[in-house]
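Thanks for asking me to look this over with you. Have the viewer open as you read, and take the points one at a time.

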Amino acid sequence: MALTNLPQQLLRDLHEKMFLIRAVEERIKVEYASRRIRGPVHLSIGQEAAAVGVLHACRQSDVCVSTHRNHAHYLAKGGSLAGMVDELFGLDTGCCKGYGGSMHLMDLNANLILSSAILAGSIPIASGIAFALKNEGTKRVCIGFLGDGATDEGVFFETLNLAALMKLPLLFVVENNAISTMTTFSKRQAVPDVVGKAERFGVRGMTVDGNDVLSVYHAAQDILQGMRQTHEPFVLETVTDRLCAHVGPIVYPSGIGADDTLQSRWMREPMLILNEKLRSEFPDQLDASLARERNLRESVDQVFIRGAQRFDADALRLQLPAAPPAQDVRRV
Amino acid sequence: MLSFGEALAYATKQAMEHDARVFAYGEGINDPGGFFGSTAGLKEAFSEARCFDVPNSEDALMGFGIGASLMGYRPLFVNLRVEFLMLAMNQLVNHAARLPAMSGYQYTIPLTVRAIVGKSWGQAAQHSSALHSMFANIPDLQVVVPSSVEDAPRLLLASILSDAPTVFIEIKSLYDCKALVHLPIEPLPLGKAHVVRQGSDITCVAISDMVGFAQRVSEQLVADGIEAEVLDLRSLAPLDSAAILNSVSKTKRLAVFDIGWEPFGLAAEVARIVSTSAYHRLDAPLLSIARRHEHTPASCFLEEQHYANEEHAANSIRALVRG
Ligand SMILES: Cc1ncc(C[n+]2csc(CCOP(=O)(O)OP(=O)(O)O)c2C)c(N)n1
Ligand SMILES: [Mg+2]
């Protein structure tokens with residue numbers, strides 16, 4: 001199908017953000033192996049489309065909260081790359097001055113104001129933020145990301161009720177990769193139907209293909225536009241896949257997600273879908289897009305190299321003990 | 001003369017008048033009783049937009065207050081019983097207390113959480129326990145434990161004005177008291193203890209309604225020629241260690257009066273402070289006065305034995321001072 005009205009600029013912007021996130025996380029794998037990143041990292045590889053689609057549709061002034069798997073949200077919201085990389089390296093120039101690490105990235109300038117690694121922990125906080133934004137009388141909204149695993153938590157339902165009752169401009173984005181660590185959604189909920197449940201609480205919702213950044217973007221645009229009029233909450237479920245292990249850049253463990261294989265997941269991953277669209281819509285832009293990727297990768301590498309140099313200097317100066325040897329880190 | 005509840009309501013009103021970013025919420029906050037009078041008149045004075053009733057969802061509501069705090073508000077979350085906060089510990093401990101640190105202290109969370117220890121009659125295990133030590137163990141969480149009608153509104157105002165998340169623990173027994181309260185209310189500095197009675201023979205460190213208890217015990221001891229100094233800590237976090245050390249360096253004897261349980265409690269903490277300071281050797285063993293380490297029974301017969309007894313406390317101090 002030809003997407004005749006698709007503005008070239010939009011595709012270019014989405015591609016840039018998607019690729020930036022992918023490039024950063026691929027680089028994290030390398031630095032993790034170098035033992036400069038010392039702590040758990042939850043990669044968003046395969047799940048970038050929800051972050052980019054929603055956060056490209058929102059405004060800079062909208063406030064966002066995130067989870068343990070926050071890299072994509074942070075970068076898509078406009079969080080500082082150097083702040084993120086330095087934080088991962090544990091430097092005092094990091095976005096949390098070294099107090100947060102990978103699981104708690106935040107950037108006040110970008111209005112991504114917290115990431116909680118307690119499941120659904122940021123969700124009730126999002127309700128208070130939405131309350132404040134509504135009181136302000138502006139049309140700003142709060143966007144709270146959570147995984148399907150976090151929808152097992154009672155506080156998610158408490159917050160659905162509160163948001164519906166108080167008519168809070170809160171967009172819950174549930175990234176449904178159908179897994180929580182190693183436990184599939186259907187093993188955790190008798191009725192794994194996020195949107196259906198939300199609607200029973202009085203919160204409207206819809207499900208989109210969370211691997212298709214354009215679908216997410218268009219859905220989010222409509223939803224956000226509506227929310228700015230009604231000030232009411234909404235649940236957007238993005239169906240997606242996790243392409244790495246739950247934590248750490250190691251190979252996806254076998255024996256989970258029995259009804260599909262890792263290979264088939266890689267056949268429907270967001271970068272692939274987006275690149276297909278770019279190729280079919282704007283075949284003449286292929287070279288430009290490849291050049292963009294090269295430039296992005298280079299600038300990402302530069303930031304990591306600078307951070308690594310600072311890390312090495314600090315490690316020497318402060319006589320940091322060597323880390324235990326890296327586990328088996330392979331590319332997936 | 002104001003009652004304990006009226007004094008708290010007055011302080012809240014004053015805070016809300018002074019700063020439009022202050023709002024109050026809680027389960028049943030606008031009920032006719034108004035939390036024993038402590039929230040009475042707020043809705044009428046400031047509309048329901050700034051004093052509102054909420055669902056019975058403690059964890060979500062604690063998070064709600066944190067979110068509003070992060071956006072510049074100064075919320076006051078009112079809870080009828082401290083036990084209800086157990087359902088909100090994730091938001092209180094993992095988020096309110098920790099988020100400022102996790103951000104590298106780029107922001108503060110000026111949230112005040114009021115909670116009542118329901119010590120009165122027949123309230124049983126889930127409505128009269130004192131959990132302040134649990135909260136005071138958490139870094140960056142303030143814990144305030146007022147002891148009187150005069151202090152409570154001043155400490156509440158200080159809590160609301162403070163930028164740190166604060167748990168404000170009221171004991172139900174104080175709600176029966178009335179006193180003259182100076183208006184307008186002047187906030188007290190948090191972390192400053194108050195010598196409510198001067199004496200040279202023993203230091204009585206106390207909190208909450210145990211301050212009055214220690215004062216009454218001290219009066220009993222006058223006839224025995226024992227002059228006790230009573231120190232009201234006013235807050236557990238921040239804690240005025242200097243005031244404790246100051247007093248024991250003079251009296252060389254120490255009794256601790258807690259509203260909670262002993263294991264890992266106030267007496268243990270005060271003992272740590274004193275015994276890790278080489279300059280303050282005591283002349284006698286530390287005396288600990290607290291409720292029994294059991295869940296509060298409902299029966300009036302059993303309850304009588306659960307709480308500390310003034311007669312026993314006075315006898316213990318006599319024995320201690322006479323050596
Ligand atoms: C309250 C709580 N329980 C358990 C965990 C351990 N845990 C961390 S991430 C995770 C899986 C979360 O799954 P989901 O919400 O779907 O997010 P995903 O990792 O799939 O992105 C679990 C169980 C936690 N961090 N917090
Ligand atoms: Mg999941």
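1. Let us begin with a pair in chain B. The side chains of Arg216(B) and Glu310(B) form a salt bridge, with N and O 2.8 Å apart. Please keep in mind throughout that this is a predicted model. The pair links distant parts of the chain, 94 residues apart: Arg216(B) sits in helix 8 (residues 209-222) of chain B, while Glu310(B) belongs to helix 12 (residues 310-322) of chain B. Arg216(B) is partly exposed, at a relative accessible area of 44%. Glu310(B) is also partly exposed, and its value is 23%.

2. Now try a pair in chain A. Which residue does Glu48(A) meet in a salt bridge? The partner is Arg22(A), and the N to O distance is 2.6 Å. Glu48(A) lies in helix 2 (residues 48-57) of chain A and Arg22(A) in helix 1 (residues 8-33) of chain A, so this bridge ties together parts that are 26 residues apart in sequence. Is Glu48(A) buried or exposed? Glu48(A) has 0% relative accessibility, so it counts as buried. Arg22(A) has 8% and counts as buried too.

3. A further salt bridge in chain A joins the side chains of Glu136(A) and Arg140(A), at 3.0 Å from N to O. Here the two partners fall into separate classes: Glu136(A) is partly exposed at 40% relative accessible area, whereas Arg140(A), at 17%, counts as buried. The cut-off for buried is under 20%.

4. How many salt bridges does the structure hold over all chains? There are 31. Some share partners: Arg27(A), Glu31(A), Arg36(A), Asp301(A) and Asp312(A) are joined into one network in this way.

5. Next, find the magnesium ion (ligand 2). Which residues coordinate the ion? They are Asp148(A) through OD, Asn177(A) through OD1 and Ile179(A) through O, at 2.0 to 2.1 Å. Along the chain, these donors follow the spacing D-x28-N-x1-I. Asp148(A) and Asn177(A) bring together distant parts of the chain, 29 residues apart. Asp148(A) is in the loop between strand 3 (142-147) and helix 6 (154-166) of chain A, and Asn177(A) is in the loop between strand 4 (170-176) and strand 5 (179-180) of chain A. Both Asp148(A) and Asn177(A) are buried.

6. Turn to ligand 1, which has 15 residues around it. Those that come nearest are His68(A), Arg69(A), Ala117(A), Gly149(A) and Asn177(A). By class, this shell contains 5 nonpolar, 7 polar and 3 charged residues.

7. Some distances around ligand 1 can be checked by eye. One of its oxygen atoms is 2.7 Å from an N or O atom in the side chain of Arg69(A). A nitrogen atom of ligand 1 is 2.8 Å from a polar backbone atom of Ala117(A). Asp148(A) places a polar side-chain atom 2.9 Å from an oxygen atom of ligand 1. Taken alone, ligand 1 exposes 580 Å², and the protein buries 74% of that.

8. Finally, go back to chain B. Val117(B) is part of strand 5 (residues 112-117) of chain B, and at 0% relative accessibility it counts as buried. Val117(B) and Ser128(B) are 11 residues apart in sequence, and their C-alpha atoms are 5.2 Å apart in space.

Conventions:
Residues numbered from 1 in each chain as written. Chains lettered and ligands numbered in written order. Predicted model: local features only at pLDDT ≥ 70, side-chain atom pairs only at ≥ 80, totals over all residues. Heavy atoms only, no water. Donors = N, O, S within 2.8 Å, 3.2 Å for Na, K, Ca; no water. Helix = DSSP H or I, 4+ residues; strand = E, 2+ residues; numbered from the N terminus. Buried < 20%, exposed > 50% of the residue type's maximum accessible area, 1.4 Å probe, protein only. Near = heavy atom within 4 Å. Polar contact = N/O pair within 3.5 Å; in protein donor to acceptor, adjacent residues only side chain to side chain. Areas by Shrake-Rupley, 256 points an atom, 1.4 Å probe, with all protein chains shown as cover. Nonpolar A, V, L, I, M, F, W, Y, C, P; charged D, E, K, R; others polar. Salt bridge = Lys/Arg side-chain N within 4 Å of Asp/Glu carboxyl O.
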